Amino acid sequence: MTSDKFRHQLRHEAQIWQAEGLINELQYEQLAQRYQFNTLDSTARNSFVAILVGLGSILIGLGVITFVAANWQELPRVGKVTLLLSLFIAVNVAGFWLWKHPKESRQRLGHGLLLLGALILGANMGLMGQMFHIDAPFYELMFAWGIGVLAMAYSLRLTSLGILSTILLWLGYWGYWGSAIAQSWSTTAMTEVTWSLLMGQHMPLLSVVLFIPLAYWCRSGWIFALGAIAVVTSLEANLQTFIWGKFQSGWVASIAFALPAALLWSYDDSPLVHGNFLRLYRHSDRHLQFGSFQAIARNLALVTLGVLFLFAATTAFWDTLAQPNEYTPSGQNYLLLIDAVILTGVAIWQWAIVLSQSRRRRQQFTTYAVGICICIIALVTIWHIEITNISRFAAFIFNIMLFLLAAELIRTGLAKGGRRAFWGGMLLLSLRIFYVFLLSATGLLFKSLVFILCGIGVMVVGLWFERHIRIHHPTKS
């Protein structure tokens, strides 16, 4: 659907073209008929009316909320529940009706009301819990709220609701994780098995099951990226007790360090994109083409490798890893390994497919290089924890891998004119240099001089890179 802004600009330009003699009256009429110039004024009026109605609705809603807040304590419980449910249903019904309207202005208003309805859902859950004196931690509210918004996202196929549900469940997980860590260090352990406890323990697998299909259903790279981040971060958080605890395991630590990059880089959705599985959902969206999320997964894999290399390129990281604390995992903590084992099996299966396909294709050097780096990460970690302390050697190896990754990103950026790859490599090098100089024993005057020179160097390199793109890649400038 052509936007109203484009049609306004096109009508203005067409009038200028006609006045200058570039097009005749017949060509102008053809443009006017094709892009419906005659409906622009009515569309503008409808948009203005929709804005007025929306603003008036917001003011009326604020007035109703203020009135209800002033008399909230005097209302009976049945009245409170009826009021909350009526508000939730009315907002969502109105939003759905406007969202299905063919006019774009009403669709936007309906979209906003549906998003408002998702926010009202969380407020209703919190107030219901207070009214019925439900004593539950805050992260359970976030989990329940996130599940409700997720159901709305699946039913309405809205990217905004999918992003909101992903954020809510992710925040709920971190609330659970903080509570679980606090109780693990206290004298009372978490003994009661609840639905929120199971969700927190198996959030990595739940993130795969809940968010990744939603990303394809909504055709949203944002949902896929947030879902992948939720998988990696929850997996890393669940395995922390086995990395830094008293009974740490080199095998678990190697999985924690190597699995995220291995899982993301080997991700391949080409059978779904090019196969018949997703064609069932294309009949209603004739103008939308389904795209692959493999590039997003591989970019996230490079980000995870870069972050790991920055931390592991120091001897302090490996010295701390070699001195575990006195924390002892409880029996429930060992359930956290289930997700890691399953995802490790998925990663091995994906890499087997990738390597079998690489034999048939050429120019797969990057995949082999990433695979070698992942194997080195796992081997160095196991050797350091299970056999002997190799802090200096491990830091040296990870420094080499960091500089190789940065060099490859810079080379790719120069060869293909990619700004993100080039500046990603420059950022890795800059952060490593800054870390070295910040911890060095040199004086502040010398450090300030180095920072000034680095700043000048970044500006010079940036200007040179932009000139390089304009000359060698004019289409990307």
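Predicted model: local features only at pLDDT ≥ 70, side-chain atom pairs only at ≥ 80, totals over all residues.

Mentor: Residues are numbered from 1 along each chain as its sequence is written, and side-chain values use heavy atoms, leaving out hydrogens and water.

Trainee: How many salt bridges does the count come to?

Mentor: A salt bridge is a side-chain nitrogen of Lys or Arg within 4 Å of a carboxyl oxygen of Asp or Glu. Here the count is one: Arg411 meets Glu408 at 2.8 Å, N to O. They sit three residues apart in helix α17, so about one helical turn separates them. Helices are DSSP runs (H or I, at least four residues), numbered from the N terminus.

Trainee: Is Asn124 buried or exposed?

Mentor: Buried means under 20% relative accessible area, exposed over 50%, and partly exposed in between, with a 1.4 Å probe and protein chains only. Asn124 is buried, at 7%, and belongs to helix α5 (residues 104–131). By contrast, Arg411 is partly exposed at 47%.

Trainee: Which residues does Asn124 touch?

Mentor: Contact means heavy atoms within 4.5 Å. Leaving aside residues up to four places away in sequence, Asn124 touches Leu84, Leu85 and Phe88.

Technical notes
Helix = DSSP H or I, 4+ residues; strand = E, 2+ residues; numbered from the N terminus.
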